[in-house]
Structures are given as C-alpha cells and as structure tokens.
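The sequence and the model come first, and the explanation follows.

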Amino acid sequence: MSERTGILGGAGVGGPPGRPVPSRRLRGLFVTFPASPSDAALRPHAEDAFAAELAALGGADDRPRPPQWKLSPWAVATYLLGGTLPDGTVISPKYVGPRRIVEVAVTTLVTDRALLLLGVPGTAKTWVSEHLAAAICGDSTLLVQGTSGTPEEAIRYGWNYAQLLAHGPSREALVAGPVMRAMAEGRIARVEELTRIPADVQDSLITILSEKTLPVPELADEIQAVRGFNLIATANDRDRGVNDLSSALRRRFNTVVLPLPATADAEVDIVTRRVEQLGSSLQLPKIDAAEAELRRVVTVFRELRSGLTEDGRTKLKSPSGTLSTAEAISVVTGGLALAAHFGDGVLRPADTAAGILGAVVKDPAADGVVWQEYLETVVRGREGWQDFYRACREAGAA
C-alpha cells in the first residue's frame, strides 16, 4: 500500500485496512461478534445472494475488463438483465426494463463520470445500484445512506476521538468512510437518497468526483482514488425534504432516469419475482393461486397512479402517494403472510385489501375521497371484483 493510501490503516482493529471488525459497544466495552452466514441473513447482500451466478459469469466472461472490475461491462449488463450462458447456466434478471438504460449505466461507470440513478420512489434505483456494485467489484456494502441529518463525516472521514484526544490527529485516529475506502481500494461507493442530504454536505462530493482526490488537511495529506473507483448515487424529486443538487455537483454525474414499468405485464413480472424472493427469504409457506390477486393489486396501483382506468374510458383522481412497484410488492408480500398464517393458504381479496388501503390513503382527508370514488365508480361494477369491493369496504370500516 502506498504512503497515501496507508492512511486507512486506522480504520479498524484486527481486520484488513478499511474493513473494521464488527463490534457492539455494551456498557463501556467493545464486544466483537461474528458476521452472520449469508444463508442466515434476513436480507443477504447481492454478492452473497447471487454468488453462484456471478461465479458462472466470471468463468464464461472472456471480454475485456476495466481495471479492478470483476466482470466485463457486457457480463455486468447480462447479470442485471438476465440471460443464458453457453454452458446452460441461467442468469436471472435483476432489472426488468429497457436494455439501453442498463448499458448506459454500466458504460458510465467505465468512464470518469459518476452515475446518478434518478426516478420516482419505487423504480428500483437502490436495487440497481446494489447489483451494479456487486457485479463490478464484488462489494455492495460501501454505502452512505442519505438523510436530512447526514453529516459531512459520513461522506469524507471521521475520527476516533479517544485517539484524537490522546495523541492528536494521526493516521491511527482517522476513521475512513465508505467513499474514502472505495477510493483507496478501487471499488464502487454508493450514496443513497442524495437529494435528502443537506446541500452543503452534498457539495463535499465535488472535489472527490472532479479531482478524484480527498484532501485530509488535518494531516497535510490526501487520498487519491485508484483505478476502479467510481460512485453511484440515487435520488428522486417527488418526496418531501428534497434538496436540489447544485449545478456544479450535477455536472459531475451522468444521469440515468429509471422509468416506471411500461406495461402491466412487465410490472406483474417484477412484482412476482420480488415476492418470490422475499417469500423465500422470510420462509413463508408456498402459496398457490396468487397470480389473480397479484395482478389485481398491480391494476389498482397502475390505474390510480395514471389517473385512468385500464380500458381508457374513465378518468380518475390520483392520490398523494406514488403507488410504486415497491409498494405493490409490500402489499402482496403482506397478503401472502396473512393467507399463510391466518387464512386457508390461498391469497384472497381480504388478504390484500388492508394493505392497498394503507398504500393509497396517506392523507386521510384527500386520499380517502379519492379511494372511495375509485371503489364506487370502478371497482363496484367491475366484473369479477365483487369480493374485492366488499373486502375493501370492510377494511375501510375497520
């Protein structure tokens, strides 16, 4: 390790540079605990959950790989979009959408431009970000979660204050953040919900992205990014608490907009795949005959989201929420759990009605009116939806 990157040596004790051993502070003591095996994790990292697919792609990938990349750009795109390898190995699709969007995102990370995944909530920005990092560098955990309280230290670096008070600024006292570690190791860093971070904290990324350098003035030193480093950020402009990006920062990114699913069939496919994955992770019993109710949930969300019924004949008011694909996944997963543990094992309207009501009615006054109008003008007279209508009325009266 060079003299400059050696600054990361104080990040952890008993582990490799930049990878501190997990510990919990308990009554003034540090208690070290082992990491959970990937098969026991409630939500394994992408590189663990799809390790077999990544290994198969690595073995079949004979195309040029950028410095430090585990796979070639072609293989990364195949990992996200799915396909069949020459040896018959099936790569499951992680993202269902236009191929060109994934290709542009991957090739952006080959250049010196950072990638900004932009879209309304629930368009799989975080999901795509995680899988891109997993496929490119085998590590999706170098993550900064953006909130209104995210400090500049989360993006740059912090200090071990016991060491700082005892010995002053030193390499041993410095605690590297995810972005600093990614720079030193030539990996992909991720910043989630960039627009939720205060504007002055956002701008701490400008030097990192433009100069590929992170100054450490307290030590009269700096970290220079090594080949392979890049950054993926996600953002949306629909939620409350959004801080616009400065023009200087936005210029450092190549922006890729992730759209909502174009068709009902595509959205049903996405919801089905994710519900199956979540059901397996949560060890939910196998549920039969879920497709009809799953499609109904997607139909309700798409109609209210677009303000138009599926046949194009009736205009509707839209609620204040986004009614995203991610929320549809949550509604169906919750319904499956109800059907499995408190029903007869078959997903029925009563199992999804309360979840849909909670997703639609965010503002009880305004959204309640929108929902009641939809029930009476659309659902009530729709053929085959009478059970769903009654279940929604009961859920609203509860």
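The buried residues of helix 2 are covered by a set of elements that includes helix 1 (46-49), helix 3 (73-81), strand 4 (90-91) and helix 5 (125-137). The model in which this is seen is a predicted one. Helix 2 itself runs over residues 51-60, and its buried residues are E53, L54, A56 and L57. These residues lie on the same side of helix 2, because they cover an arc of only 160° around the axis. An α-helix has 3.6 residues a turn, so residues three or four places apart point the same way. On the face of helix 2 turned away from the buried side, the exposed residues are A52, A55 and G59.

The protein has 398 residues, of which 45% count as buried. Among the contacts in the protein with a separation of 6 or more, 71% are between residues 24 or more positions apart.

A one-sided arrangement of buried residues is also found in helix 16. This helix covers residues 366-379, and its 14 residues reach 19 Å from the first C-alpha to the last, close to the 20 Å expected at 1.5 Å a residue. Buried in helix 16 are D367, G368, V370, W371, Y374, L375, V378 and V379. They are placed on the same side of helix 16, because the arc they cover around the axis is only 160°. The elements against which these buried residues pack are helix 13 (291-306), helix 15 (349-360) and helix 17 (386-397).

Two residues show this packing in more detail. V379 belongs to helix 16. V379 counts as buried because its relative accessibility is 0%, below the 20% cut-off. Apart from neighbours within four places in sequence, the contacts of V379 are Y374, W385, F388 and Y389. R390 is 11 residues from V379 along the chain, and the C-alpha atoms of the two are separated by 9.7 Å.

The second residue is E303, which has its place in helix 13. E303 is also buried, because its relative accessible area is 2%, under the 20% limit. With residues up to four places away in sequence left out, E303 touches L308, T309, E310, L316, Y374, V378 and R382. Of these, Y374 and V378 are among the buried residues of helix 16.

Helix 13 also packs with helix 12 (residues 264-281), at an angle of about 125° and with the axes 10 Å apart. The two helices are therefore oblique to each other, and their crossing is right-handed. Helix 12 contributes A264, D265, E267, V268, V271 and T272 to the contact, while helix 13 contributes L294, R295, V298, R302 and R305.

D237 is found between strand 12 (230-235) and helix 11 (247-250). D237 counts as exposed, because its relative accessibility is 56% and the cut-off is 50%. D237 and V120 are 117 residues apart along the chain, and their C-alpha atoms are separated by 6.8 Å.

Technical notes:
Residues are numbered from 1 along each chain as its sequence is written. This is a predicted model: local features need pLDDT of at least 70, side-chain atom pairs count only at pLDDT 80 or more; totals for chains, interfaces and linings use all residues. Side-chain values use heavy atoms; hydrogens and water are left out. Helices (H or I, at least four residues) and strands (E, at least two) are DSSP runs, numbered from the N terminus. Buried means under 20% relative accessible area, exposed over 50%, partly exposed in between (1.4 Å probe, protein chains only). The expected span of a helix is 1.5 Å times one less than its number of residues. The arc is that of the directions from the helix axis to the C-beta atoms. Contact means heavy atoms within 4.5 Å. Axes are lines fitted to C-alpha atoms, for helices over the stretch in contact, and angles run from 0 to 180 degrees between N-to-C directions. Angles under 35 degrees count as roughly parallel, over 145 as roughly antiparallel, 65 to 115 as roughly perpendicular and the rest as oblique. A crossing is left-handed if the near helix is turned anticlockwise from the far one by less than a right angle, and right-handed if clockwise.
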